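Here are a few friendly notes to read alongside the model.

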Amino acid sequence: MELDLEKYASLFSDGAVTELRAQESHARKAAMMAGNLVSNSSTLTRGVCARVSKCGVSGFAAEASLDADAIGHVLSAAAQNAAFMARKAPGKGSFVPVSRGERVKPAFVEDKTAQSFYVDAVRQADEYIAKN
């Protein structure tokens, strides 16, 4: 998956340190019992989170979706949460000024392994267990 988070920099809060992260999680499951395939699944979950730090406090937001709407929403919600915290904990002081942040390209690695690979591996283990 190719994702360019830099294009959302215009949504970052002025005068704040903003972190924007995307996540992708893969889960595969294959189970056999006495030679019968009883479970075979593959799931992919994506999400985005943002942390905004301003006036010595931080706000955080996350969403289990990875699209333009979700990215805009977490950036806005994190900024609102930071503003709320600043009102509730005044006088915490501000962070040391930070220069333009480091940009890290997301390291999404596409798993091209066929699900049949996992099913075959489980089948071999099941056959071994049955024989021994």
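1. A term first: a polar contact is a pair of N or O atoms within 3.5 Å, where, within protein, one atom must be able to donate a hydrogen and the other to accept it. Such a contact sits at the start of H1, where a side-chain oxygen of aspartate 67 comes to within 3.2 Å of the backbone nitrogen of aspartate 69.

2. Please keep in mind that this is a predicted model. The chain has an average pLDDT of 83, and 83% of the residues score at least 70. Confidence is lowest in S1, with a mean of 89, and highest in S3, at 92.

3. Helix H1 covers residues 68-88, and at 1.5 Å a residue its 21 residues should span 30 Å; the end C-alpha atoms are 30 Å apart, so the two agree. Its buried residues are Ala70, Ile71, Val74, Leu75, Ala77, Ala78 and Ala82. These pack against strands S1 (17-33), S2 (36-54) and S3 (57-63).

4. Aspartate 126 is buried yet has no salt bridge, and arginine 123, the nearest side chain of opposite charge, is 7.1 Å away. Leaving out residues up to four places away in sequence, aspartate 126 touches Met32, Met33, Ala34 and Gly35.

5. Also in H2 is glutamine 115. Its relative accessible area is 18%, and the cut-off for buried is under 20%, so glutamine 115 counts as buried. Its side chain reaches the backbone oxygen of serine 41 at 3.2 Å. Among the residues that glutamine 115 touches are Arg28, Lys29 and Asn40.

Note on methods. Residues are numbered from 1 along each chain as its sequence is written. This is a predicted model: local features need pLDDT of at least 70, side-chain atom pairs count only at pLDDT 80 or more; totals for chains, interfaces and linings use all residues. Side-chain values use heavy atoms; hydrogens and water are left out. Helices (H or I, at least four residues) and strands (E, at least two) are DSSP runs, numbered from the N terminus. The expected span of a helix is 1.5 Å times one less than its number of residues. Buried means under 20% relative accessible area, exposed over 50%, partly exposed in between (1.4 Å probe, protein chains only). Contact means heavy atoms within 4.5 Å. Lys and Arg count as positive and Asp and Glu as negative; His and the chain ends are not counted. A salt bridge is a side-chain nitrogen of Lys or Arg within 4 Å of a carboxyl oxygen of Asp or Glu. pLDDT is the predictor's confidence in each residue, from 0 to 100.
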